[in-house]
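The sequence and the model are shown first.

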Amino acid sequence: LGLALYTGSLCMVSGATFLYHDYCIIGAGPAGLQVAYFLQQAGRDYIVFERSHSPGSFFALYPRHRKLISINKQYTGKSNSEFNLRHDWNSLLSHDRRLLFRRYSRDFFPNADTMVRYLEDFASLLKLQVQYNTAIIHVTLEKNEQAWNGHYFLLTDQDRKNYKCSSLLVAAGTWVPNVVNFPGSEYVEGYETVSTNPEDFTGQTVLILGRGNSAFETAENILGVTNFIHMVSRSRVRLSWATHYVGDLRAINNGLLDTYQLKSLDGLLEGDLEDLAIVKDKKGKLHITLRFYLENRNISAGIDSITLPQDELDNFATRAPYDRVIRCLGWKFDFSIYNRSLRMMPGKGNIKKYPQIKPSYESKGTRGLFVLGTASHSVDFRKSAGGFIHGFRYTTRAVHRLLENRHHGVPWPSTVYPITQLTNSVIKRVNEASGLYQMFSVLADIILLRENATEFEYLEEYPIGILAELEMQTGRKVRNGLFVIIMEYGRNFSGADKDVFYYNRAVGEAQHAWQSNFLHPVIYYYKRLPTEREMRLHHPDWPLPRPDAIHHIVEDFLTDWTAPNAHILPLRRFLENCLSTDLRNFFAESCFLFAFTHQKQPPFCQEGYVRMQGLVGSQELRHHAVQAGLLQDYTHRDFSDDRRPGSHDGSRQPVIRDHGIPVRPLQHLVNAKDE
């Protein structure tokens, strides 16, 4: 029994001793702790390796000026915990209410030291299996047909201790600084080491390389003490409110845009950093020139022998010398520890700082290797929030569900409801679900229809990039069509060059819902599951292949999609058209009449009234229906003349009234619906 409960076992391979675990997790940052929590809740054998002495070591250093840009909204006016996570960008998912970030800080933009303390508590209070001071320096493969994925992962730490696991979960983030090499780059200070004391920059002229939040954060810190600040980057500035991407420049850091546009000396420039060169004069001043001016010249010979751009163009923008040049170019993934056998390759283009992975977050080169957290952002780079805590806490849960199905035969969690609950289920999720809201256009709720559309199966927050693999990845069958529910922005509303504050930017009428610009729910209907080819070839501006039918729920200023006429009624009619059925609710008396006047009763009557369930008319409900124009008022009608000759007083009519069914023409009863 003791051996059975022991979470690790010792293996001998080629003379080396390996400590075995089913799951190895590299990194005890937010993503590593999040997946550890899910594995622990499922009772799985796992270990987390953390190179530092505590979790969240990245936040112990970054951001350098200690203010996070992830919001911590204390109040939303609602008590629904799932809804409130839409506006809590720092908490990890757990069952422990103590581990909500708002219990750690009341600041809208919290201090990074608070995040470190939060992650420490998350690991300790939940008793997660984290092995600190363990830096994994090498990862390779060992082929074995008996292993889950046809091979084991072999890991070695800085002390030459060895570990073996069946599945490797990489949650190490992106922490290697991006560095651009050009002549004179040795004079550049890095964001990771530059002083954070504004007094060190008093009266200085500063050039910042980069245009992300770290660059503007650095500029914001010294804006009031410098002569002027120039900022150079290859691309134009991207404002998060225009792109709707939280990784772009946030308003909290954009003070330099004011001083630039209001002509207070500071400025922005565009140019390829690899074309630059820096020359240092005898006074220690740094002069910016272009690389081609230095061809076939010796920089060490002195600045007097070097042609500068202002020698030919006397109004060259960066002709003034600088006291300091600071590099703020972000970070990239550390590929150095992975053996070539794992085929961990960088992406291409603007995602080259991330490893290549599939939409399932599994490595393209190695089965069983999953990338989590910030390093998995290539799946939705500049599209959604997968590179940040409030996004990858949900994608991490999705990966865990995929692993549970693949390795342990546990199907994707689902709930089966009668078809009468279809409209309510959709409305509830689009108004509450935080995963759909944060990971818009990436995670989707899936509704699988049962035979004859009498029931449906509801799956939450499934990655739409692997929709074609749904049956294999979830263990659920798609036999009678499906609905896919996602959140989207308008097609042409987001972009660095977009004016998102123009007049008439919002749509308010249901018939124009497809033109909605702001985040809103979209429901796709497929009669069959899309194929892998259809997923691969669908239009790049669409998150999914062309559906058999599609419905946009009109955007809402309050993000509250519960308006009966604008939101619920159009949705219900769309669902009814797709299913060729009636999804309205009825009073019991209407179902009674349907039983006599229709060959097929609506699903609500089949599920309720026929099974002796449902809403029986009461005096209060009847009064409400009369006032709403749904029923005629028969309260004062005299039924004495309707009695048959010889009938006893009250023998028939009182019985009907006692059962809550007033006697009236059938056509009026059938109209008593839609309540």
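His 390 is buried, at a relative accessible area of 2%; buried means under 20% relative accessible area, exposed over 50%, and partly exposed in between, with a 1.4 Å probe and protein chains only. The model is predicted, so local features need pLDDT of at least 70 and side-chain atom pairs count only at pLDDT 80 or more, while totals for chains, interfaces and linings use all residues. Residues are numbered from 1 along each chain as its sequence is written, and side-chain values use heavy atoms, with hydrogens and water left out.

His 390 sits in helix 10 (residues 389-408); helices (H or I, at least four residues) and strands (E, at least two) are DSSP runs numbered from the N terminus. Leaving aside residues up to four places away in sequence, His 390 touches Asp 88, Trp 89, Val 246, Ala 385 and Gln 438, where contact means heavy atoms within 4.5 Å.

One disulfide is found in a search of the whole structure, a disulfide being a pair of cysteine sulfur atoms within 2.5 Å. The bond joins Cys 591 to Cys 605, with an S to S distance of 2.0 Å. The pair links distant parts of the chain, 14 residues apart: Cys 591 belongs to helix 16 (residues 588-597) and Cys 605 to helix 17 (residues 603-607). The link of Cys 591 and Cys 605 is left-handed, with -80° about the S-S bond.

| Residue | Relative accessible area | Class |
|---|---|---|
| Cys 591 | 1% | buried |
| Cys 605 | 0% | buried |
| Cys 24 | 0% | buried |
| Cys 165 | 0% | buried |
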